[in-house]
Amino acid sequence: MSFKVTVIGAGSVGFTKTLISDLLKVPEFVDCEFALTDINPHNLDMVKQIIETIVSVNKLPAKVTATTDRREAISGARYIMSCVRVGGLDAFSTDISIPLKYGVDQCVGDTICAGGILYGQRNIPVILDFCKDIREVAEPGALFLNYANPMAMNTWAAEMYGGVNVVGLCHGVQHGAHQIAQVLGVDDGELDYVCSGINHQTWYIDIRAKGRKIESDELIAAFEKHPVYSKQEKVRIDVLKRFGVYSTESNGHLSEYLPWYRKRPEEIGRWIDMSDWIHGETGGYLRYSTERRNWFETDFPMFKEQANKPLSQHKRTSEHASYIIEAIETGRPYRGHFNRRNNGIITNLPDDAIIESPGYVDRFGINMIGGITLPTACAATCSVSVSVQRLSVEAAMTGNIDTLKLAVLHDPLVGAICTPDEVWAMVDEMVVAQAQWLPQYADAVPAAKERIAKSTVKTRDWDGAARKRVRSVEELREMSGAHH
């Protein structure tokens with residue numbers, strides 16, 4: 001069988017290589033067309049070379065094209081994947097640095113919290129441009145597979161306003177399940193589970209190891225005695241103790257979605273581990289991304305070398321995309337966890353929410369498992385975030401800065417730290433700093449600048465409670481040289 005798969009943001013070199021390598025592991029897909037598109041022609045050329053090498057070495061009939069013309073890439077596609085970051089690291093840096101001035105200490109800032117909400121404002125107009133192209137030039141009924149954060153907001157906008165068939169995909173569920181298997185001393189394949197909630201706040205509400213149901217007390221004990229996770233996952237373990245269920249999301253991420261762990265600088269150190277950024281470091285993902293800004297340049301020779309190896313040596317990953325496409329095209333069923341509109345699937349979350357929950361895929365498409373009820377504490381936590389997401393999507397669609405301020409005001413961590421006046425001042429500052437990526441707020445920027453000039457709200461010169469230094473260019477070169 002032959003059809004066209006488009007990757008938007010294909011300049012994410014390593015991830016694009018993974019997605020397409022996974023697809024090429026499906027025997028029926030070896031003669032598909034893979035259309036790559038990105039706004040960066042240099043990155044696009046690198047990934048095209050890699051994918052072409054894989055196809056050539058394995059003597060496959062697959063076709064590979066690359067263009068900066070997104071509409072051309074989408075034309076005739078049956079499946080369209082997005083892994084874009086609008087504004088890049090320049091915008092991302094203000095997602096972290098400006099909230100810090102107001103006491104909001106984020107580890108990642110790409111899902112909710114102040115940074116995630118502004119990230120959504122940048123992404124949603126672009127996501128809707130993708131949807132317009134899909135409606136107009138893709139194959140009728142094409143499926144849009146969104147990998148980009150903020151997952152729930154992007155998928156919500158595409159589903160409600162984009163007029164396309166969309167599913168949001170993340171790998172947090174698989175990663176958390178791997179941790180659970182490790183602490184229980186079983187192989188991943190011996191663990192069965194039901195995980196449900198919203199993206200990055202999904203909960204393992206039923207866990208079975210080798211067919212035996214695992215209760216919360218056993219899971220708590222297993223995590224507390226684990227020599228690594230007991231130190232790295234303090235927030236997740238504390239939530240497990242109080243809620244009775246384990247969260248999918250990393251320690252650092254989870255700590256910024258809740259109002260309890262990062263609101264007092266003197267307390268933050270209790271809950272995080274500095275062995276790696278993902279465990280809670282202030283601005284950790286921004287630091288990591290900044291230090292590896294051009295990682296694909298140094299890793300390109302490695303990717304090319306890997307591409308010269310037969311696909312038989314590539315182990316298909318747990319990323320959902322290839323399995324979803326395989327199930328739809330071949331009828332071989334696949335069970336996974338997908339981001340879709342709720343519509344009663346989770347009984348105690350709003351119908352309009354984008355939930356992450358189990359579903360099956362086959363020739364009939366993606367079919368979610370209904371009738372799931374979350375533990376009350378999990379539903380309460382998720383419901384707060386859903387309200388923030390709903391306000392954020394409304395703000396992005398209308399360009400109403402007052403709605404945007406209300407979204408940030410209702411964010412759990414921001415609300416635990418900031419007064420309303422501080423939130424209003426912070427959002428003004430962020431909108432002005434990111435104006436070039438926020439076309440819907442163009443009319444609001446002049447007044448925001450005036451308010452900033454007259455503001456009496458006090459800010460602080462603060463690096464955060466758990467900060468590692470950014471390495472020098474010389475150190476990075478040495479590290480790169482040592483690695484290769």
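Helix α8 (residues 216–225) packs against helix α10 (residues 234–243) at an angle of about 160°, and their axes lie 10 Å apart. Axes here are lines fitted to C-alpha atoms, for helices over the stretch in contact, with angles from 0 to 180 degrees between N-to-C directions. Helices (H or I, at least four residues) and strands (E, at least two) are DSSP runs, numbered from the N terminus. The model is a predicted one, with pLDDT of at least 70 needed for local features and 80 or more for side-chain atom pairs, while totals for chains, interfaces and linings use all residues. Residues are numbered from 1 along each chain as its sequence is written, and side-chain values use heavy atoms, leaving out hydrogens and water.

On the α8 side, L219, I220, F223 and E224 make the contact, and on the α10 side I237, L240 and K241 do; contact means heavy atoms within 4.5 Å. Sorted by class, that makes five nonpolar residues, two charged and no polar.

Next comes T37, found in strand β2 (residues 33–37). T37 has a relative accessible area of 2%, so it counts as buried (under 20%; exposed is over 50%, partly exposed in between, with a 1.4 Å probe and protein chains only). What does the side chain of T37 reach? It gets to the backbone oxygen of T67, at 2.8 Å. T37 and T67 sit 30 residues apart in sequence, yet 5.1 Å apart in space, C-alpha to C-alpha. Setting aside neighbours within four places in sequence, the contacts of T37 include T6, V7, I8, L44, T67, D69 and R70.

A few backbone details are worth a look too. Most residues other than glycine have a negative phi, and most peptide bonds are trans. K59, in the loop between α2 (41–57) and β3 (63–67), has a positive phi near 50°. C113, in helix α5 (residues 113–137), also has a positive phi, near 60°. K59 is exposed at 73% relative accessibility, whereas C113 is buried at 0% relative accessible area. Finally, the peptide bond from N149 to P150 is cis, with omega near -5°, and P150 lies in the loop between β5 (143–146) and α6 (151–160).

Key. Ala, Val, Leu, Ile, Met, Phe, Trp, Tyr, Cys and Pro count as nonpolar, Asp, Glu, Lys and Arg as charged, and the others, Gly among them, as polar. A polar contact is a pair of N or O atoms within 3.5 Å; within protein, one must be able to donate a hydrogen and the other to accept it, and residues adjacent in sequence count only if both atoms are side-chain atoms.
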